[in-house]
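Here's a quick tour for anyone opening this structure for the first time. Take a look, then read on for what sits inside.

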Amino acid sequence: MKISIVIPVYNAEKYIENCVESALNQTYDDIEILVINDGSTDSTESILKKFENKIKIINKENGGTASALNIGIKNITGEWFKWLSADDILKTDAIEKLFFEIQKLGKGAENCIFYSNYDLIDANGNIIDTFEEPNNNSLDTFQRNVILLDHYYGNGTTSIMHKSIFDKCGMFDETLGYKDDYEFWLRCCLLYSYDLYLVNENLAQYRVHESQLTKKRYDDALEQIEHIKSKIISQLFPDLQMKYVTAVKNYQKQIPFKIKVRRNIRNIMFKILPKSISNKILGIYLNRKSN
């Protein structure tokens, strides 16, 4: 069973070589690697040429991550689509372990978006912490969706899904700019009854670096999240809309008080503190295991 790894990249000259090498060094053999160069203006393109006999490189004008992912999806020949961000790294047995989990679920795997645990690494590749994703596998679809509406989970760079999902649910939304992965998760899960499914293994290294840690991106992302939730919920039948809104409120009542306080302090700080300070705070929160 062929698995297609799609790597969207824009100006990632510091990290793209390690990323591609991690995809090439998998213990699972039946893979193809597509790197979508989204109009990079640094040395990314020349670095990619080192691998041109081992990977497929597609150059395009800059249009954002969603547009790069969509170009990749349209060009894959594998049965399964694996997303890998250009500054992240796959563990060498990642695809093998994902494939094993897919086999265990059989045909039902095609109705899942798989995700895994991962390391947090800094700009130099040093491990900061290990992030353990929530395991909601025992919950039914509605319960999983309530949690997903409360907060994003299932890091895109750890995800894998059957290519038929795009025929049923559509492609990534190129108009958003931020949180296109969250919109896609919500769309697939709430509107088409897909399940986010945890592969309870540490399969990737997610890089935290300065270009991610900006106050503007954080504020924009918070605003975008609310827009995305409203957009998806509005497409449900009115009675189901009310059922979800009520269930999310009840779920939030059960969230431990200390986590609620932490969220509120985080959001307030990002609105009032200088960028240099808010960046450090975001770094701390990215390294925590709770929301």
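A nonpolar core, as the term is used here, is a set of buried Ala, Val, Leu, Ile, Met, Phe, Trp, Tyr and Cys residues joined through side-chain atoms within 4.5 Å. Keep in mind that this is a predicted model.

**The cores**
- The largest nonpolar core is made up of 42 residues, and Phe81, Ile165 and Phe172 have the most contacts inside it.
- Helix H7 (residues 180-192) gives this core its largest share, seven residues.
- Another core lies apart from that one, with 37 residues, including Ile5, Ile16, Ile33 and Phe114.
- Back to Ile165: setting aside neighbours within four places in sequence, Ile165 touches Ile113, Gly170, Phe184, Cys188 and Tyr194.

**Helix H7**
- H7 runs for 13 residues and spans 17 Å from its first C-alpha to its last, close to the 18 Å expected at 1.5 Å a residue.
- Most of H7 is covered, with 11 of its 13 residues buried.
- Among those buried residues are Asp180, Glu183 and Arg187, along with Phe184, Trp185 and Cys188.
- After H7 comes Ser193, which has a positive phi, near 60°.

**Helix H1**
- Over in H1 (residues 16-24), the buried residues are Ile16, Cys19, Val20, Ser22 and Ala23.
- Looking down the H1 axis, these buried residues fall within an arc of 160°, so they line one face of the helix.
- Their cover includes strands E1 (3-9), E2 (31-38) and E5 (89-90), plus helix H2 (44-48).

Key: Residues numbered from 1 in each chain as written. Predicted model: local features only at pLDDT ≥ 70, side-chain atom pairs only at ≥ 80, totals over all residues. Heavy atoms only, no water. Buried < 20%, exposed > 50% of the residue type's maximum accessible area, 1.4 Å probe, protein only. Helix = DSSP H or I, 4+ residues; strand = E, 2+ residues; numbered from the N terminus. Contact = heavy atoms within 4.5 Å. Arc of directions from axis to C-beta. Expected span 1.5 Å × (residues − 1).
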